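Reader: Could you show me how to read the packing of a helix from a set of coordinates?

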Amino acid sequence: MRSIGRADREGEGPAAKVAALRRAHRWISAEVRPVYSVQEARPVSQVLRLGRGSCSQRMAVLEAVARAWGVPSRVRGLVVDGTFWYPRFPRMRRLIPDQVVLAWPEFRIEGLSRDDHTAAPWLPVSELFGGAREPRGRIGGGFTNAGPETLFEALSRTSVDWDGVAVCPASDGSCDLSAYLLADLGRFDSRDELFARYGQTLCGPARLLAEPVLGRRAAGL
């Protein structure tokens, strides 16, 4: 993880911290291979050692990097409709849970402008590469959860909006994912706290059965 670098010590302002987190996101995208692991509480150290992880596990790596740089993090607990994953698993729809608990990271960056980020000083990971009021998603459309691109990678290219507030191009509203949001569980100091209270998406026995197969399967296949 040393090759990620570190936050810019010459500029402690919000722009420098956001830029550092963007670099970390790009490093994780390049170095941690996306797979369909279902062990959402897997330690970050193990994800890095394996060199592969699910979107949730790679989000956890980004949170760990932020905390190592002195940027506090928390997660928003989202309950997402299982149909959101249907395009990715067209032949396995019966195996997808009706609801999926998603830990959505947020980073506390002092000095962040409320003009660009309505939740300032907290920065949702969906706004890491652009504010909620900034039109995004024009190149290649929004995120459809189909094809090789994962939710983690999509963050750098298009809006990923669970609340229906992002500015989407009129010709493509697929950056608005609010129709899939079933419940907002609130904010938690860590994803461990979220999973301890509400559990992971799959029960323990199901994770043990699914992990040997999905944990090595490359995302997008």
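Reader: Which elements do the buried residues of α5 pack against?

Author: Packing is read here from contacts, meaning heavy atoms within 4.5 Å, and from burial, where buried is under 20% relative accessible area, exposed is over 50% and partly exposed lies in between, with a 1.4 Å probe and protein chains only. In this predicted model, the buried residues of α5 pack against α3, β3 (73-81), β4 and β6 (181-188). Helices (H or I, at least four residues) and strands (E, at least two) are DSSP runs numbered from the N terminus.

Reader: Which residues of α5 are buried, and which exposed residues does the face turned away carry?

Author: In helix α5 (residues 191-198), the buried residues are Arg 191, Leu 194 and Phe 195. Seen down the helix axis, these buried residues fall within an arc of 90°, taken over the directions from the axis to the C-beta atoms, so they line one face of α5. The face turned away from that buried side carries the exposed residues Asp 192, Ala 196 and Arg 197, and after α5 comes Gly 199, with a positive phi near 80°.

Reader: What do the buried residues of α1 pack against?

Author: Helix α1 (residues 14-31) has buried residues that include Leu 21, Trp 27 and Ile 28, and the buried residues of α1 pack against α2 (44-50), α3 (55-68), β4 (99-108), β5 (122-124) and α4 (151-154).

Notes
Residues numbered from 1 in each chain as written. Predicted model: local features only at pLDDT ≥ 70, side-chain atom pairs only at ≥ 80, totals over all residues. Heavy atoms only, no water.
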